[in-house]
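Please look through the model below before reading on.

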Amino acid sequence: MLLRLVPVVILTILIGPVLAGLAGIVAPALGYLPVLGGEQVTLHWFDQAAMAPGFARSAWISYWTGLATSAISLVLVVLFLAGWWGTRWFARLASATAPLFAVPHAAVAIGLAFLIAPSGWLVRLVSPWATGFAQPPDWLIVNDPAGFALLAGLVIKEIPFLLLMTLSALPQSDAPRRIRAARSLGYGRVWGWLSTVFPSVYAQIRLPVYAVVAYATSVVDVAIILGPTAPPPLAVQILRWQYDPDLTLRFTAAAGAMLQLAVTGGALVTWWLGERAVAALGRSILTRGWRLPRDRALRLASLGGIGASALLVIGGVVVLALWSVAGLWQFPDALPDMLTFKHWMRHAGMIGHPTLTAVQIGLTSAAIAVLLVLGAVENAYRRGITPTQRVLALLYIPLIVPQISFLFGLILLVLRAGIDGTFWAVVVAHLVFVIPYVYLALADPYAAFDGRYLSVARSLGKSPARAFFTIRLPMMLRAILTAFAFGFAISIAQYLPTLMIGAGRLPTVTTEAVALAAGGDRRVLGAFALIQSALPIVAFVAAAWIPAILYRRRRALRGAGAWT
Amino acid sequence: MRRAFVSLAMPVTLAILVATAQPTLAAEPDPADWSAMLDQARGEHVFFHAWGGAPAINDYIAWVGDEVAARYGITLTHVRLSDTAEAVSRVVAEKAAGRTENGSVDLIWVNGENFASLKRQGLLIADNWADRLPNHALVDTEANPALKFDFTVPVDGQESPWGLAQLTFYADTARVPELPATLEALAEFVAANPGRFTYAAPPNFIGTTFLKQVLYGLIDDPEILTRNVAEADFDAVTAPLWAYLERLRPDLWRSGRVYATDTTHLKTLLADAEIDIAMTFNPAEASSSIRMAELPPTVRSFVLDYGSLGNAHFVTIPFNASARAAAMVVADFLLSPLAQARKADEMIWGDPTVLALDRLTPADRALFDTLERGPATLSTVELGPTLREPDPSWIEPLEAEWARRFLAGTSP
């Protein structure tokens with residue numbers, strides 16, 4: 001009985017805040033916010049937003065970088081799987097890439113910026129001996145007006161996510177048999193995979209891909225670091241309005257947030273049309289009987305792409321680690337003039353407490369999310385329901401509606417309820433973002449579980465609850481712990497919800513890191529970014545090791561997870 | 001499933017949205033009765049919302065926390081922000097939600113346009129509390145008009161002075177042996193060293209300040225800037241400014257296709273040797289960055305010979321602050337000679353004091369006399385005169401015109 005309420009609870013947590021938040025932004029967008037003297041409903045602020053210098057360009061940058069990010073990362077991931085799945089290279093690279101999901105967006109962006117800038121590490125490594133540069137060249141790489149640096153940063157960050165999602169969809173796709181069939185009919189490795197396995201994989205990862213489109217069209221932190229500045233992507237422009245001392249610009253910001261919704265919506269529609277076109281193209285190739293056996297170049301390109309993207313993320317983390325112990329580090333020195341731990345020592349006292357707070361909030365919200373999601377999927381299993389795409393789409397609403405479009409309204413809601421600044425309010429705010437990811441990580445392994453084990457238990461007279469606790473739970477421990485680690489990582493990364501809902505009462509390692517980032521000292525930033533990345537990585541490692549230790553005498557259970 | 005959600009969630013959401021705390025008024029603490037104020041403040045918890053980007057400043061605020069805990073039994077929490085607007089947003093949201101007391105922000109580090117907005121929207125304690133703080137008598141308002149007119153907006157005791165700022169340039173003398181002292185010299189340097197100079201894009205604070213600084217240096221009669229922009233022929237007055245910036249543009253860093261974002265970005269660019277000249281509001285910034293090994297020891301500060309725009313920064317208390325008495329006690333402590341001298345110490349922070357040193361007791365004065373100046377810090381004489389901020393009505397048209405000319409994909 002209780003179990004049946006779980007889906008309702010989940011959707012309330014997910015959609016309630018988003019709807020309330022959107023309601024809170026529609027009013028000021030239409031000019032109604034009496035606190036700031038807005039008492040008439042008007043479309044004036046939409047004009048103000050749309051007529052602002054560079055608005056069209058801002059919107060265009062958001063639109064095209066969002067779509068290109070999703071397309072490039074998805075194509076690379078899919079070609080990599082198609083070309084290399086089951087090989088040694090695949091196992092190595094996939095296990096190196098997937099944990100990079102835990103590195104926070106801002107850390108990836110800052111690391112990349114310092115790698116590729118004209119004064120960055122890559123140029124320093126070859127200067128001045130190879131390039132002759134005593135001063136960095138005046139090349140426009142980072143913050144380029146067209147948004148290519150932003151695109152690169154988003155692609156290397158989204159690849160690990162899409163790889164994880166695709167890997168978890170594979171077991172439900174009957175890949176080995178389908179590929180054997182395709183290969184025996186003379187199809188090339190890549191094309192065989194694309195034509196037999198991909199359709200069923202894509203059906204499962206479609207919503208995560210939509211989440212990537214939505215995220216990449218409305219991203220703020222990465223865009224501030226790598227994106228164009230004049231004009232910036234739309235979400236950054238909205239933030240500038242939102243933060244402008246002239247409070248009447250809050251109306252413009254609200255109208256801009258509605259327009260952001262439209263840009264993200266437009267990108268999603270474009271993507272959806274693209275899906276149709278790709279499907280039609282694939283069908284026409286199939287009906288022509290092309291088998292495309294020569295795909296060596298494609299395979300190598302995908303391997304190179306995934307490898308380079310992993311290297312850039314890892315290189316960025318290494319560079320941040322170096323900065324955190326650097327003395328004076330001038331161009332064109334490849335290494336700092338001295339290494340020192342004084343930045344770490346200096347901040348040791350400031351790091352402990354926020355780290356503890358972040359861990360407490362992360363553990364609590366991940367645990368609640370895992371319990372709720374387990375309840376929901378178990379409920380669906382027992383009642384024989386397969387969630388439709390529409391219901392699933394509801395789950396994704398918090399990931400698809402740009403944060404910047406509903407957060408201000410959400411804060412109003414929390415303030416009215418008088419629960420701001422409390423631990424639980426922050427946990428609930430995190431749950432809005434944590435639950436969808438936990439669901440993503442858990443739903444597919446759950447569906448893929450061999451139900452015959454449970455049938456046997458039931459036929460031996462065990463209750464459904466007993467079967468769940470003694471069969472399902474132990475056998476799925478690894479998948480459950482991985483979902484938990486996912487949720488934990490998402491919670492650790494939350495900045496605006498933590499700051500605004502937490503009212504400054506609950507500083508976490510992330511709110512501290514972002515505040516210090518405003519000061520721009522890479523040394524401090526490096527230290528905090530490392531801790532911020534280390535926490536989720538610890539969780540992922542624990543998720544892999546706990547089952548391995550608990551089940552050290554049970555070989556089949558040790559490896560029972562999707563992300564090996 | 002969906003219908004079940006809608007029927008359950010909507011009433012809950014609406015109920016929470018509609019429920020509003022009823023305002024009641026607490027007794028206003030009165031700085032005139034200081035001992036009663038101290039009694040009231042004891043045991044209160046002050047949430048001080050202040051920019052948290054600089055470890056040195058964070059450390060200083062932590063020291064203030066220790067001191068007010070020991071002296072007055074006040075708990076001080078520094079809510080570290082990446083932008084003061086986050087605190088402003090929060091107060092706006094609280095007012096919108098009808099929370100007229102028990103607000104979550106007790107003290108904000110603020111100045112300029114943020115203060116003007118908070119004041120205009122009635123988001124601050126209305127009465128003139130700051131002028132009645134005991135240590136306010138020591139504040140040097142005669143020498144620093146910026147302490148009475150924050151970006152020309154009358155302070156009216158709604159914020160309490162904390163420190164001073166002056167637009168200061170700095171450069172690595174290893175790369176720039178001759179530091180430019182005039183706008184003409186700066187333009188010649190830029191032309192001779194393409195790609196080695198930039199400024200922050202307005203409306204960033206220091207970007208807008210750079211526009212105003214250049215404007216001051218190019219017009220015949222700066223008096224017009226102290227009046228409302230409506231009284232002036234904006235296009236005619238600002239024409240030399242745009243001509244000067246257009247002259248710089250082709251030789252700017254990245255050919256003027258992108259600009260720096262803020263003071264922080266300028267410093268990072270200088271540290272990476274991407275540019276040769278940067279600017280800041282803190283006259284001690286170059287020295288402290290050298291000491292922190294962020295900048296090479298050859299960096300030196302300089303100013304332009306016709307004076308520099310200066311301003312002040314303050315702390316203020318929102319209308320619905322929970323710990324008003326304690327917030328006022330903290331504001332007063334920030335003005336104490338002890339706290340001001342420590343703040344002015346470059347080894348700690350290096351932020352110029354707002355106190356009139358001749359009004360201090362010899363012992364307090366000694367706190368300042370023993371302070372050392374770093375190698376890259378200019379003396380008060382070298383810093384030269386402070387230019388008065390233009391009337392705030394100029395800011396918006398300046399920023400808009402700059403955006404029209406230099407943004408929106410227009411490139412040479």
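Predicted model: local features only at pLDDT ≥ 70, side-chain atom pairs only at ≥ 80, totals over all residues.

Residues are numbered from 1 along each chain as its sequence is written, chains are lettered from A and ligands numbered from 1 in the order in which they are written, and side-chain values use heavy atoms, leaving out hydrogens and water.

Begin with the helices of chain A. Helices (H or I, at least four residues) and strands (E, at least two) are DSSP runs, numbered from the N terminus. Helix α15 of chain A covers residues 342-382 and has 41 residues. From its first C-alpha to its last it reaches 57 Å, close to the 60 Å expected at 1.5 Å a residue; the expected span is 1.5 Å times one less than the number of residues. α15(A) bends by about 55 degrees at A348(A), where the bend is the angle between axes fitted to the seven residues ending there and the seven starting there. Just after α15(A), G384(A) has a positive phi of about 65 degrees.

Helix α18 of chain A (residues 403-417) reaches 20 Å, close to the 21 Å expected. Of its 15 residues, 12 are buried, so α18(A) is largely enclosed by the rest of the structure. The buried residues include F406(A), F408(A) and L412(A). After α18(A) comes G418(A), with a positive phi near 70 degrees.

Next, consider how helices pack. Two packed helices are described by the angle between their axes and the distance between the axes. Axes are lines fitted to C-alpha atoms, for helices over the stretch in contact, and angles run from 0 to 180 degrees between N-to-C directions. The axes of α5(A) and α14(A) come within 8 Å and cross at roughly 85 degrees. α5(A) is therefore roughly perpendicular to α14(A); angles under 35 degrees count as roughly parallel, over 145 as roughly antiparallel, 65 to 115 as roughly perpendicular and the rest as oblique. Contact means heavy atoms within 4.5 Å, and the residues making it here include F114(A) of α5(A) and W323(A) of α14(A).

Now turn to the cores. A nonpolar core is a set of buried Ala, Val, Leu, Ile, Met, Phe, Trp, Tyr and Cys residues joined through side-chain atoms within 4.5 Å. The largest has 197 residues, of which W193(A) and I435(A) touch the most other members. Helix α19 of chain A (residues 423-448) gives the most to this core, with 17 residues. Another core, of 63 residues, lies apart from it and includes W242(B) and W253(B).

A cis peptide bond joins F331(A) and P332(A), with omega about 0 degrees, and P332(A) lies in the loop between α14 and α15 of chain A.

Finally, H49(B) sits in strand β1 of chain B (residues 45-51). H49(B) is buried, with a relative accessible area of 3%. Residues that H49(B) touches include A503(A), R90(B) and W109(B), not counting those up to four places away in sequence.

Key: Buried < 20%, exposed > 50% of the residue type's maximum accessible area, 1.4 Å probe, protein only.
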